[in-house]
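Please examine the sequence and the model shown here. The explanation that follows concerns the open spaces in the structure.

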Amino acid sequence: MTTEQALATIRPDVRAMHAYAVQPSHGLLKLDAMENPYRLPPELRQQLGERLAAVALNRYPAERTAELARALARHAGVGDEVGVTLGNGSDELIGLLSIAVAQPGAAVLAPVPGFVMYEAYARQQRLDFIGVPLRADDFQLDEPAMLAAIREHRPALVFLAYPNNPTATLWDAAVIERIVQAAPGLVVMDEAYQPFASRDSLALMARHPHVLVMRTMSKFGLAGVRIGYLLGARDVADQVEKLRPPYNISVLNAEAALFALEHAGVYAAQAAELRRERERLFAALQALPGVRPWPSEANMILARVPDAAATFAALKARGVLIKNVSALHPLLANCLRFTVGAPDDNTRLLAELPHCL
Ligand code: PMP
């Protein structure tokens, strides 16, 4: 068989796809991916090393996976009646949810601009993806457009990132309530940025069996460990659990996550500092002529500049990597996304930025 014949067996839409591109960042100040800038203090790193060294790497993951799931539920403050499914990052959970609803004619709906993986995983499952544009001025949900799209497309799955990426907005609670009432399928509140937000959706979830809450340890401080979790009515979460690859959480990841939860106070203090830094960064961006930042409930700030491509390139030339999101959606024309870093990182960004506008 030739390579061409081999390739002919691959789905045409897969052949037409691009692989997810991770920006090279070596040697740059990394303010592009909403990572927590802090590592553990040295003494805790030492202890973690000892814990990981004691893990039996020759065995498949077993009870520790379930222990981690319950520890995450306790960390979120929900009771044993709530079901929990773990993903290798919440990315994987978005994929599993998409598989769970993938019937002919089914649709996935989300506001746009939003997190790109909702559409990517929907397309992998040959689901229709309905992107409903946000309001242009404040990036809030366009309620009439959302309700009209729900009536027309009857989505099996609605994703509401809360706060949203890349706009860092939280949605109006009354609007969410009406969307949840109107939705004929599952509504997933994606709370990846919950450590930085002033509100969450756990009470909404408790009132509606079709509302699930998805969280991740990535923005908490463990982006490299890859732990996402889905909370919801047990009967619904159990369906997603059936699709979970049996050993998707490595023994090392589970142990590192359990260790981090035992030191949740360290991470909470880091999140509090990042929230303070966010306010400082926002005020400084707002004071720069030609820069319009939007208020943020996450560890990122979206801002419009006169020429996003030029500013992105100039910052990179000066050693600072951010994300140019302007091509993601017409509403994001000339928009850049700045991840909130440690105080020194933000000071450096703010020193360089005026030279790059
Ligand atoms: N949801 C949102 C809104 C995100 O922005 C991201 C990552 N940037 C994720 C989910 C995925 O996070 P992870 O796979 O690291 O848990």
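Helix H6 (117-124) gives the most to the lining of the largest pocket, namely 6 residues. Helices and strands here are DSSP runs numbered from the N terminus (helices H or I, at least four residues; strands E, at least two). The model is predicted, with local features needing pLDDT of at least 70 and side-chain atom pairs pLDDT 80 or more, while totals for chains, interfaces and linings use all residues. Residues are numbered from 1 along each chain as its sequence is written, and side-chain values use heavy atoms, without hydrogens and water.

A pocket is an open set of points on a 1 Å grid over the protein atoms alone, where a 1.4 Å probe fits, with protein on both sides within 12 Å along at least five of seven lines; lining residues have an atom within 4 Å of a point. The largest pocket has a volume of about 1,600 Å³, a volume being the space filled by probe spheres set on the points, which are joined across faces, edges and corners. It is lined by 50 residues, and Tyr-20, Asp-91, Phe-115, Val-116 and Met-117 are the closest to its centre. Besides H6, helix H5 (90-101), strand E3 (107-112) and helix H10 (218-222) each supply at least two lining residues.

The second largest pocket holds about 450 Å³ of space. Among its 22 lining residues, Tyr-38, Arg-39, Leu-40, Gly-221 and Leu-222 lie nearest the centre. Two or more residues of this lining come from each of strand E1 (29-30), helix H3 (42-53), H10 and helix H12 (251-262).
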